[in-house]
Amino acid sequence: HFNLGRILYEIGDAASAARSLDRAVALKPDWVRAWYRLALACSEGGDPVRAMECVDRALRLDPGMTDAIGERAALKLQRGDAEGYADDLRRMRDLGAKPAQHFYQRGRWRVERGRIQEAALDFRRAYELDPDHVPNLIAMGRVLREVDPRQSIRHLDRAIELDPTHA
């Protein structure tokens, strides 16, 4: 059930992925990665409450799982909990993770599925956390090309300034 759920999630079928991952955690309730993947599927499927329950379960089983902390931070930001979001970002940094990288990867996943507006928000969060992350600057430049050409050029110019090999 876990592998099927993971595959369904990767191809963008969040509802089917959640059903399969629900079966996986029912069979093995202490499976941290299954709870985390279920949280992602619920989040992408439009059920942030269930997503938060699942990510909290994953973190009770493995408090140091930085991917889950990053997803919880995103869910907190989505519901307007700026203080909780900031706390989770600090926790990620304390564990040696880079929160900007989490949002950058999340944005790339969404671009691959054609969810450009959501990707732009994730890239913006990554930029706010690390304004000199060249791959994110390039991704933002590409995503903003159609929406805001001036911002697009600004991000691409900054990427080239930081790393001229992208010229």
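**Salt bridges and the nonpolar core**

Glu 112, with a relative accessible area of 57%, is exposed, where exposed stands for over 50% relative accessible area, buried for under 20% and partly exposed for what lies in between, with a 1.4 Å probe and protein chains only. The model is a predicted one, in which local features need pLDDT of at least 70 and side-chain atom pairs count only at pLDDT 80 or more, whereas totals for chains, interfaces and linings use all residues. Residues are numbered from 1 along each chain as its sequence is written, and side-chain values use heavy atoms, with hydrogens and water left out.

Glu 112 forms a salt bridge with Arg 113, and the closest N and O atoms of the two are 3.3 Å apart; the term requires a side-chain nitrogen of Lys or Arg within 4 Å of a carboxyl oxygen of Asp or Glu. Arg 113, at 23% relative accessibility, counts as partly exposed. Through salt bridges that share partners, Glu 44, Glu 71, Arg 106, Arg 110, Arg 115, Glu 118, Asp 122 and Arg 125 are joined into one network.

Two members of that network, Asp 122 and Arg 106, meet through their side chains in a salt bridge with an N to O distance of 2.9 Å. This pair links distant parts of the chain, since Asp 122 belongs to helix H8 (residues 116–129) and Arg 106 to helix H7 (residues 99–112), 16 residues apart; helices here are DSSP runs of H or I with at least four residues, numbered from the N terminus. Asp 122 is buried, with a relative accessible area of 0%, and Arg 106 likewise counts as buried, at 10% relative accessibility.

By the stated rule, the count of salt bridges comes to 20. Among them is the one in which the side chains of Arg 33 and Asp 67 meet at 3.8 Å, N to O. Arg 33 lies in helix H3 and Asp 67 in helix H5 (residues 66–78), so this pair ties together parts that are 34 residues apart in sequence. Arg 33 is partly exposed at 35% relative accessibility, and Asp 67 is partly exposed with a relative accessible area of 34%.

In soluble globular proteins, nonpolar side chains tend to be buried together. The largest nonpolar core in this model has 50 residues, and Leu 38 and Phe 123 are those with the most contacts inside it; such a core is a set of buried Ala, Val, Leu, Ile, Met, Phe, Trp, Tyr and Cys residues joined through side-chain atoms within 4.5 Å. Helix H3 (residues 32–44) supplies the largest share of this core, nine residues.

Key
Helices (H or I, at least four residues) and strands (E, at least two) are DSSP runs, numbered from the N terminus.
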